[in-house]
Amino acid sequence: MSTIEIRKVTKQFGSFTAVKDADLKVDAGEVVCLLGPSGCGKTTTLRMIAGLERATSGDVIIAGQRMNELSPQKRNIAMVFQFYALYPALTVGQNIAMPLHAERLSKAEADQRVMKVARIMHLDTVLDRMPNQISEGEKQRLAVARAIVRDPNCFLFDEPLSRLDVELRHSMRGQIKEVLQGLSKATVIVTHDQLEALTMANRIAIMKDGLIEQVGTPHEVFAKPANVFVASFIGTPQMNLVEADLRSFGNGMARVVLAGQEVEIGANAAVSTLKPSKIMIGIRPRAFTAVQEKASDTIGAQAELIEPMGAETLIHARTAAGGDIRVVVPREKRVKVGEALNLRPDPGQTHFFGEDGKAVRA
Ligand code: ATP
């Protein structure tokens, strides 16, 4: 069974801890993206799974077998790197066939496997060309073809699309996702591009400073971020995170002082467990409604900068207390610089975080 599991995996480089106590399980047919800012430990985690780096402690288990002491070759893993080294003197077909040499297949069998993979990756019409005679997108597909031509235990991808331009990246995301879905292997993809993670992954592991902060489906990490870091990292434009004082809670409403204003905000009962002092409230820019009248559940702010984004408009507004709030409204809603806004947060989409930065949820 193709599965990947890491248990309490730690990597020290001297006294520096690059990855700490990482736990993750990837099932057969599942794609998990490791996502996080530069230096958070994504590549180190991937390299420990591949056997290119030895874990300082913890277990790396592939297809149910502990692999800590095994070399990369013995782990039967297929890797696709950002810089895919193609053999320039071999044709596309010969490049795909290279990993099969160790398997000592008959020529007929090898040809059959190459043709099958070439069809999956839409390379069957360019098999006789040389690598310098194919496009960047085809080169990327060739790198994936070489990885899937064997029957590996699982797949590891390290920033596979970062060299491609935006449009090609978009189409390749879909194509690779489709291919992976048909292969029933456990796959880990490292990326720092949240769009790539949100579109390609079944689940996302979000890392920061060597720690896995949250593992969840794209919907879960967006709609139910576990803490302030995940809340601020996922979603564009970024979630508004505002410090507030919790005054009271009752009937599903929290009375808070936020941006210098006393406001009632819809909240779940778990909010009553928070200490009244400094809490953090998170509201996504699309989770406001701009209404005519000031009310007990609206936040007052003044539009300062208007950024048209096509179908929507991003408004940078300033509260009386001087805080910034980002609001996204439909394009049809005309807002002028200097206009006073009454912003009503959607009670179902308001996030409360305690002093420790962790979300409180019912
Ligand atoms: P990026 O997105 O920039 O590739 P990353 O999340 O993949 O970043 P890693 O490459 O895993 O990060 O590195 C994690 C931390 O470990 C970084 O601070 C890095 O400088 C450090 N590091 C990585 N390899 C070594 C090494 N061989 N020796 C010492 N420190 C290292």
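# Strands, turns and spaces

Trainee: Which residue in S2 is the bridge partner of Lys 11?
Mentor: Two strands pair if DSSP finds at least two bridges between them. Helices (H or I, at least four residues) and strands (E, at least two) are DSSP runs, numbered from the N terminus. Strand S2 (residues 16-26) runs antiparallel to S1 and is joined to S1 by seven bridges. In S2, Lys 11 has as its bridge partner Val 19.

Trainee: What kind of model is this?
Mentor: Residues are numbered from 1 along each chain as its sequence is written, and side-chain values use heavy atoms, with hydrogens and water left out. Local features need pLDDT of at least 70, side-chain atom pairs count only at pLDDT 80 or more, and totals for chains, interfaces and linings use all residues; the model is predicted.

Trainee: Which residue in the turn between S1 and S2 has a positive phi?
Mentor: The two strands form a hairpin, with two residues between them. Phi is about 65 degrees at the turn residue Gly 14.

Trainee: Is Lys 8 buried, partly exposed or exposed?
Mentor: Lys 8 sits in strand S1. Its phi is positive, near 50 degrees, in a residue other than glycine. Buried means under 20% relative accessible area, exposed over 50%, and partly exposed in between (1.4 Å probe, protein chains only). At 47%, Lys 8 is partly exposed.

Trainee: What is the phi of Ser 184?
Mentor: Most residues other than glycine have a negative phi. Ser 184 lies in the loop between H5 and strand S8 (186-191). Its relative accessible area is 47%. The phi of Ser 184 is positive, about 55 degrees.

Trainee: Which peptide bond is cis, with omega near -10 degrees?
Mentor: Most peptide bonds are trans. Look at the loop between helix H8 (228-233) and S11, where Pro 237 is placed. The cis bond runs from Thr 236 to Pro 237.

Trainee: Why is H1 called largely enclosed by the rest of the structure?
Mentor: H1 covers residues 42-50. Its buried residues include Lys 42, Leu 46 and Ile 49. Gly 51 follows H1, with a positive phi near 90 degrees. H1 is largely enclosed because, of its nine residues, the number buried is seven.

Trainee: Which strands are the edge strands of the five-strand open sheet?
Mentor: The order is S13-S12-S11-S14-S20, with antiparallel pairing. An edge strand pairs on one side only. The edge strands are S13 (261-266) and S20 (350-353).

Trainee: Which residue in S14 stands opposite Asp 245?
Mentor: Strand S11 (residues 240-250) and strand S14 (residues 278-283) run antiparallel. Six bridges join them. Asp 245 faces Lys 278.

Trainee: How far apart are the C-alpha centres of domain 1 and domain 2?
Mentor: Domain bounds come from an automatic or database domain assignment. Domain 1 spans 4-226 and domain 2 spans 240-353. Their C-alpha centres are separated by 40 Å.

Trainee: Which strand gives the most to the lining of the largest pocket?
Mentor: On a 1 Å grid over the protein atoms alone, a pocket is an open set with protein on both sides within 12 Å along at least five of seven lines, a cavity is a set of points where a 1.4 Å probe fits but cannot get out, and lining residues have an atom within 4 Å of a point. Grid points are joined across faces, edges and corners, and a volume is the space filled by probe spheres set on the points. The largest pocket holds about 650 Å³, and of its 20 lining residues those closest to the centre are Ile 77, Ala 78, Met 79, Pro 99 and Arg 150. With four residues, the top contributor is S6.

Trainee: How many charged residues are in the lining of the second largest pocket?
Mentor: This pocket has a volume of about 190 Å³. Helix H3 (residues 107-120) gives the largest share of the lining, four residues. Ala, Val, Leu, Ile, Met, Phe, Trp, Tyr, Cys and Pro count as nonpolar, Asp, Glu, Lys and Arg as charged, and the others, Gly among them, as polar. The lining has seven nonpolar residues, no polar ones, and a charged count of five.

Trainee: Which helix gives the most to the lining of the largest cavity?
Mentor: The count is one cavity of 30 Å³ or more, and the largest holds about 50 Å³. Its lining includes Lys 177, Leu 180 and Gln 181. By class, the lining has three nonpolar, three polar and one charged residues. Three of the lining residues come from the top contributor, helix H5.
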